[in-house]
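Q: Before we look at this protein, could you show me how helix packing and aromatic ring pairs are read from a model?

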Amino acid sequence: MIKFQNKPLTESKYILDWIEDMAKMTKPDKIVWIDGSEEQAEALRAEAVSTGELIKLNPELLPNCYLHRTAVNDVARVEGRTFICTKKKEDAGNINNWIEPGECYARLTKLFTGSMQGRTMYIIPYAMGQVGSDFAKYGIELTDSIYVVLNMLIMTRVGAKVAEAMGDGKGFIKGLHSKATLDADNRYICHFPEDNTIWSVNSGYGGNVLLGKKCFALRIASYLGRKEGWMAEHMLILGIENPEGEIKYVSAAFPSACGKTNLAMLIPPEYYRKKGYKTWCVGDDIAWLRVGKDGRLWAINPENGFFGVAPGTNEHSNPNALHTAMRDTIFTNVGLNTDNNTVWWEGLNDNPPVHCINWKGEVWDYRKYDKADKVNTSAAHPNSRFTAMAKNCPCISKEFDNPAGVPISAIIFGGRRAKTAPLVYQSFNWQHGTFVGSIMASETTAAAAGAVGVVRRDPMAMRPFVGYDMGDYFAHWLEMGKVIPNPPKIFHVNWFRTDDEGHFIWPGFGDNMRVLMWILARCEGKVDAKETAIGYVPYAEDINIEGLDISKETLNDLLSVDKKSWLEDVENIKAFYEQIGERVPAELKEELAALEARLKK
Ligand code: GTP
Ligand code: SPV
Ligand code: MN
């Protein structure tokens, strides 16, 4: 029998046997149950501060806030080292990396063996979704990192109640994480969807190690969703309240670092605020969607906090995120202003601190900042983050904790495209909307290791997160369309078109509300649109630009559809569908052929 430092939170033999097996392999000195109490969290913070794992920030200016720096080679998700380990390779598909499960367990067992020697193993029972809700799913993460424990306490619902809800434990998601030696060459983020298991080793960064987030709530959950008839998507959820007090909800899928947190917390432009419009954040990264009894699609945010991009967050771009992160927050890889023990990042304000330690832990000289080499010259890493509590968000929706979720009127896809994609367009119907999602493309960002700014296809913003074959995932979208009696309308947006000098043309951020208003008007059948080869595009006069420094010509440019660049895209999509392979549904190939024909007409 293994010995715990504190009282076990479950009596389930199934769970305890698994913990024992993992402990025998990793050989921790001590094993501690995480109970979700403030006393325990506070003791862990104090311990992490004493070892230097966390730096306590100025308690007057940033109460209960901490700074953590990861290893310099461990600053983003590592898609090249992320694997879907299904028995059959074809079930993981061509887009995912794959290792045969037996081979993968064996390879990782070597890395995990003794990896927790001299360390404590923490047992984190957590829920994705509200404990007891129809949507909720449960997991346990075993980890040797206090940083992971403290992040999971913010990002998920943790503790005794969860362990109780797990009952005999069958069906819970078994997560094992060890920092091990942080060896980048032996870093593995492995998913075994057929075993409800996730193993992550040799990383200490965000999406690689907070196993409730991308690993469970997207990769494993997408697999479960297909089996059980629901959807797990990389989507924000936003409520828009009109002056009469009616709230309509939209969900939006944009790739990593392409504006989900910003849209989810948007503040309407003055024009709309004066009229009485308000916006409410339900979620900023992940949505779980189910068909409701009323025939509409309902969504919850399975998370309990935000793991948001710090750079660019400021009092103008996203005041709600900034205020959320001013208390009870863990900052990762931002700059430290040593004059007042606060944090700083590029884009926070125009006053870089004179005395500053950068994200690597080195003395930083703001005069050497070079936009072309951000990673080496910025105070904060471009993918530096804040982990903040949802309940501290000034615009958190009153439905945030509603176990039933919220009904979705519109699904919005979007990416970072300097050209090609117009500001907004609407799909013709669900099948065409699924096609629009499947052909999404975006310029890569710092959220994942690798080159930044390269256009790649990123279907539904899920390329790195689908836990099975991408063609089957498209088929699941089409299936869902058949079982939602009253489906949301599907749109595509692009806030990132640039002019010839490379400047963004559309002001973005709060002004994106103007586009959302057109989308909602379309959902209610209150506004006409122009039918084009790619879908319904707004008439320029139907996008409200009052108070903006934008001419009608510029708006027309933003809405234009350039057939030549779209035909180039069609060729690229054909190649991408080829790459996905034979499971791409025939309906989507027909949609592609129809698009090509319309463009050539
Ligand atoms: P993940 O947490 O990685 O999934 O990212 P996200 O999709 O939540 O992206 P986030 O909202 O954090 O935005 C990422 C970057 O895009 C930030 O630098 C923002 O300042 C920038 N951004 C967000 N919205 C807009 C917009 O409307 N226009 C422009 N130009 N930039 C934007
Ligand atoms: C993303 O990359 O989409 C994120 C950050 O939300 S991470 O949790 O690292 O995946
Ligand atoms: Mn994300």
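Q: At what angle do helix α13 and helix α14 pack, and how far apart are their axes?
A: In this predicted model, helix α13 (residues 430–438) packs against helix α14 (residues 470–483) at an angle of about 155°, and their axes are 9 Å apart. Since angles over 145 degrees count as roughly antiparallel, α13 is roughly antiparallel to α14. The crossing of α13 and α14 is right-handed.

Q: Which residues make the contact between α13 and α14?
A: Helix α13 contributes Trp430, Gln431, Thr434 and Ser438, while helix α14 contributes Phe474, Trp477, Leu478, Met480 and Gly481. Of the residues in this contact of α13 with α14, 5 are nonpolar, 4 are polar and none is charged.

Q: How is a pair of aromatic rings described?
A: Such a pair is described by the distance of the ring centres and by the angle of the planes. The count for this model comes to 26 aromatic pairs. One of the pairs is formed by Tyr105 and Phe192, which are stacked, at 3.9 Å centre to centre and with 10° between the planes. This pair links distant parts of the chain, as Tyr105 lies in helix α4 (residues 101–112) and Phe192 in strand β9 (residues 188–192), 87 residues apart.

Q: Is Tyr105 buried, partly exposed or exposed?
A: Tyr105 counts as partly exposed, because its relative accessibility is 21%, whereas Phe192, at 0%, counts as buried.

Q: What kind of pair do Tyr272 and Tyr277 form?
A: Their ring centres are 5.5 Å apart and their planes lie at 85°, so the pair is edge-to-face. Both Tyr272 and Tyr277 are buried.

Q: Which residues do ring pairs link into a cluster?
A: The cluster consists of Tyr105, Phe112, Phe192 and Trp199.

Conventions
Residues numbered from 1 in each chain as written. Chains lettered and ligands numbered in written order. Predicted model: local features only at pLDDT ≥ 70, side-chain atom pairs only at ≥ 80, totals over all residues. Heavy atoms only, no water. Axes fitted to C-alpha atoms, helices over the stretch in contact; angles between N-to-C directions. Helix = DSSP H or I, 4+ residues; strand = E, 2+ residues; numbered from the N terminus. Parallel < 35°, antiparallel > 145°, perpendicular 65-115°, else oblique. Left-handed = near helix turned anticlockwise from the far one by under 90°. Contact = heavy atoms within 4.5 Å. Nonpolar A, V, L, I, M, F, W, Y, C, P; charged D, E, K, R; others polar. Phe/Tyr/Trp six-rings, centres within 6.5 Å; stacked < 30°, edge-to-face > 60°. Buried < 20%, exposed > 50% of the residue type's maximum accessible area, 1.4 Å probe, protein only.
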